[in-house]
Amino acid sequence: MKILAVESSCDETAVAVVEDGRTVLTDCIASQVALHRLYGGVVPEIASRRHCEFISATVKKALLDAGKTIDDVDAVAVTFAPGLIGAVLVGVNFAKGLAYSANKPLVPVHHLRGHIAALYLTHPELKPPFLCLVASGGHSHIVEVQDYTHYHILGHTVDDAAGEAFDKVARTLGLPYPGGPSVANAAKTGDPKAYRLPVPHVEGKYNVSFSGLKTAVLNEVNQAQMKGTDINVPDLAASFQERIAGILAEKLLLAAADNGAKQVCLAGGVAANGRLRQLVNDGAQKLGAKVYLPELKYCGDNGAMIAAQGYYEFKDGNIADLTLNGLPTLAIDYR
């Protein structure tokens with residue numbers, strides 16, 4: 001079964017064709033990163049306009065690269081939530097028109113479910129149940145994946161998401177957008193013990209909080225400016241990365257230990273962070289759990305992950321009609 005999927009929840013116009021939820025036939029992305037770097041972050045209105053400009057050509061390229069026509073596709077999947085609502089609506093409305101005109105089923109896909117499904121593309125042998133940390137620009141969740149379309153949230157951020165914290169810290173340190181790769185690159189030559197950053201206290205055994213950590217970095221920079229001293233950017237970047245990766249890994253591994261998880265996974269943009277991967281891999285080995293990490297190209301937003309999840313949503317009977325609307329927020333465990 002071949003699923004064509006459209007992803008436009010943030011600043012990437014992405015279209016892919018995936019067969020049987022595991023085999024990528026094509027994965028095309030029209031990136032806006034260079035454009036939004038001018039502003040230090042994603043500008044929602046600009047993102048929406050660029051999606052309008054790129055989406056038709058990206059769909060055509062995806063089909064051409066796959067050597068398929070729309071007639072060869074069994075269903076059209078689309079990210080309908082959560083995300084920047086203007087951007088989401090571009091993809092939803094295009095997908096509705098495409099599905100209607102081609103007489104294909106329309107499959108709504110939750111963005112975070114898509115991030116988890118990216119693991120199936122890298123690890124075709126992976127099957128639920130497993131425990132997964134989904135960390136991205138807008139989300140940080142520890143999720144028990146019970147099966148392909150059923151989830152249970154064990155923990156989440158109570159304020160800022162991990163990816164958002166990376167972006168804001170990068171901006172504070174004068175590093176370019178996107179913040180995750182910029183901070184990681186700067187941290188390579190830094191001392192992770194140079195700055196003593198706090199571990200924010202939060203209610204909920206597996207919950208996390210990053211607002212205070214982000215503020216602590218800002219305070220270090222402000223205090224240095226007031227004293228007329230220089231901030232060592234690599235050291236502060238390394239200290240921040242060590243703290244945030246340590247918090248995420250600790251909570252995930254604690255949940256894994258408490259729940260007897262034998263499979264531990266990472267997903268989302270922050271899953272590309274090398275230090276987080278190392279900490280999770282080392283900790284899971286001590287627990288006797290197997291670790292599954294997505295290929296780097298599937299950590300960020302992409303169409304292939306939406307097509308992969310679309311396959312399982314379709315098999316579960318999750319089909320939408322033309323009243324499908326985009327949503328800015330929606331829990332991953334919605335029914």
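Student: How many cavities of 30 Å³ or more does a search of the whole structure find?
Tutor: This is a predicted model, so local features need pLDDT of at least 70 and side-chain atom pairs 80 or more, while totals for chains, interfaces and linings use all residues. Residues count from 1 along each chain as its sequence is written, and side-chain values use heavy atoms, with hydrogens and water left out. A cavity here is a set of points on a 1 Å grid over the protein atoms alone where a 1.4 Å probe fits but cannot get out. Searching the whole structure for cavities of 30 Å³ or more turns up one.

Student: What volume does the largest cavity have?
Tutor: Volume means the space filled by probe spheres set on the grid points, which are joined across faces, edges and corners. For the largest cavity, that comes to about 40 Å³.

Student: Which strand gives the most to the lining of the largest cavity?
Tutor: Lining residues (those with an atom within 4 Å of a point) include Leu133, Ser140, His141, Ile142, Gly155 and His156. Two strands (DSSP runs of E, at least two residues, numbered from the N terminus) each supply at least two of the lining residues: 140-147, which is E7, and 150-156, which is E8. With three residues, the top contributor is E7.

Student: How many disulfides are there in the whole structure?
Tutor: You'd need two cysteine sulfur atoms within 2.5 Å of each other. Searching everything, the count is zero.

Student: Which cysteine has the sulfur nearest to that of Cys52?
Tutor: Cys52 sits in no disulfide, and its relative accessible area of 52% makes it exposed (over 50%, with a 1.4 Å probe and protein chains only). The nearest cysteine sulfur is 15 Å away, and it belongs to Cys10.

Student: What share of the protein chain counts as buried?
Tutor: The C-alpha atoms fill a box of roughly 65 × 45 × 30 Å along the principal axes. Out of the 335 residues in the chain, the buried share is 54%.

Student: What percentage of contacts between residues at least 6 apart in sequence join residues at least 24 apart?
Tutor: Count a contact when heavy atoms are within 4.5 Å. Take those in the protein chain between residues at least 6 apart, and the share joining residues at least 24 apart is 72%.

Conventions. Buried means under 20% relative accessible area, exposed over 50%, partly exposed in between (1.4 Å probe, protein chains only). On a 1 Å grid over the protein atoms alone, a cavity is a set of points where a 1.4 Å probe fits but cannot get out, and a pocket is an open set with protein on both sides within 12 Å along at least five of seven lines; lining residues have an atom within 4 Å of a point. Helices (H or I, at least four residues) and strands (E, at least two) are DSSP runs, numbered from the N terminus.
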